[in-house]
Amino acid sequence: MDSKQKGLGLFSLIGMVVSACIGSGVFATTGQLAQVAAPGPALIAWVIVGIGFLALSFALNNLVSKRPDLKGIFEYASEGFGPLAGFISGWGYWLSAWLGNIAFATMMMSSIGYFIPDFLPGNTLPCIIVASIVLWLLTLLVIRGVESASFLNAIVMLCKVASLSLFIVFTLFLFSFDVFTADFWGTLYNNMVAMGEATATSGLGGIGNQVINCMIIMMWCFIGIEGAAVMSSRANKKSDVGKATVIGMVVLLLIYICASVLPYGYMPYTEVAALDYPAMLYIFNQMAPGWGGAFMSVAIILAVAGAWLAFIILPAETTSEMAEHKLLPASWGKLNAKGSPQFSLLLVGACTQAFLIVLYFSEDAYNFAFSMCTVAIVITWTLAAAFQAKFSAKNGDKLQMVIGIVAVVFQVVATLFNGWSFLLLTCVGYIPGFFVYMAARKSQNLAIGKGEKAAMVVISALGVLALVLVGMGVITI
């Protein structure tokens, strides 16, 4: 980065964390959780997810503090487990980001549909055209300068937090403890389904089943928690990176729990589950008749724009740094006069554009995109947490080692229980990536070891298996 360019301060770094996370997830979560869990199990799931992500945020904080020489999140994997692990981490992050952009596009267009019905359900032809325009406007903004775009992102963060805070205040004032606890564990609804008195084909299941079904939905809400770590090379002070991650995590957890669970004290969760998508918009429309729906629609559009902006910056930054470390071709890391990785930004835009066109033919684009996005980034999170455990064990820091282990176990268990099919599908995305990796290593006369070749064969085989299972109908898209 040019020495004359202004770096990122604490405010902008917190903005990267909070604004990247508060995108479409928080606005959709209320309705999504209501479809799979009663209030009690949902709260248990939030506690588990909160512990898992607090462990991850503390791990990232520790690594930024102890290893300031490592700039990007993929470098933790590379340092701890070799260059292929670094590539797998960075490529997973890249896949996750632009898959997330598809979910953002769907949510933004659905929100516009509140005003213009032709935009419902979010993947009509007008949606594809408008989403494409937004995509390239945001891309051009970042190409003109990453730091200026990051500051704008922080301003958007304040607007999003303010709108969500207003929603939370309304839910607190209108909260009814009797409504909230009427079917706290979902047993009443399960019994109604068993007796044929509810419209669902099956009940919510036991408490454990309800908690598990919440996991991927909740984890999607925390994508972006690593935002400050990814941008650490552009921070004014390294110490601000760790602070931004932890502060952002605490703010997010409070907002998410309040925004997703408190509405069940305003109307029964079974009624919330039946609302149009996204549920928060229609809940607030009932809370504030006449203006609530329009207000929340604008808030969602703004929130998604901010998250979309962040998710254009973050993958381009990662691939640029991967090129510096010879994990990708040098062209991926070339900076323009504004200090932005222009080639990487254009490539992310092109991939997103291609899938926006595919979006037109999808029946459930949002759920598929956010699930794939979540599982892809879990790979990056897990490798970073594993390095935290390895690094801390080597240096005799037992507390930090335990924090790393907790973060790893949470990510792995949550994914295997609730997202194994998406994990297999993510392997498909690595198949073309391995060709790029091999080309980059070959162009720089760097050897690829037998262990790396074996790992690439195994992951590619899992990707082929995923395609076979899709063809057999075992995995649905």
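Predicted model: local features only at pLDDT ≥ 70, side-chain atom pairs only at ≥ 80, totals over all residues.
View 1. Helices H17 (365-394), H18 (398-418), H19 (420-443) and H20 (450-472) each give two or more residues to the lining. Sorted by type, the lining has 13 nonpolar residues, three polar ones and no charged ones.

**View 2. Tyr76 and Phe387, a stacked pair.** The whole structure has 31 aromatic pairs, and here is one of them: the rings of Tyr76 and Phe387. Their centres are 6.0 Å apart and their planes meet at 10°, under the 30 degrees cut-off, so this pair counts as stacked. Tyr76 comes from helix H4 (residues 74-81) and Phe387 from helix H17, so the pair links parts of the chain that are distant, 311 residues apart. Both Tyr76 and Phe387 are buried.

**View 3. Phe180 and Phe184, edge-to-face.** With ring centres 5.6 Å apart and planes at 65°, Phe180 and Phe184 make an edge-to-face pair, because that angle is over 60 degrees. What about burial: is Phe180 buried or exposed? Phe180 has 9% relative accessibility, so it counts as buried. Phe184 is partly exposed, with a relative accessible area of 22%.

**View 4. An aromatic cluster.** Phe87, Trp91, Trp94, Trp98, Trp332, Phe343, Phe355, Tyr430, Phe434 and Tyr437 come together here as one aromatic cluster. Find Trp91, Trp94 and Trp98 to get your bearings; they are among the cluster's members.

Methods: Residues numbered from 1 in each chain as written. Heavy atoms only, no water. Helix = DSSP H or I, 4+ residues; strand = E, 2+ residues; numbered from the N terminus. Nonpolar A, V, L, I, M, F, W, Y, C, P; charged D, E, K, R; others polar. Phe/Tyr/Trp six-rings, centres within 6.5 Å; stacked < 30°, edge-to-face > 60°. Buried < 20%, exposed > 50% of the residue type's maximum accessible area, 1.4 Å probe, protein only.
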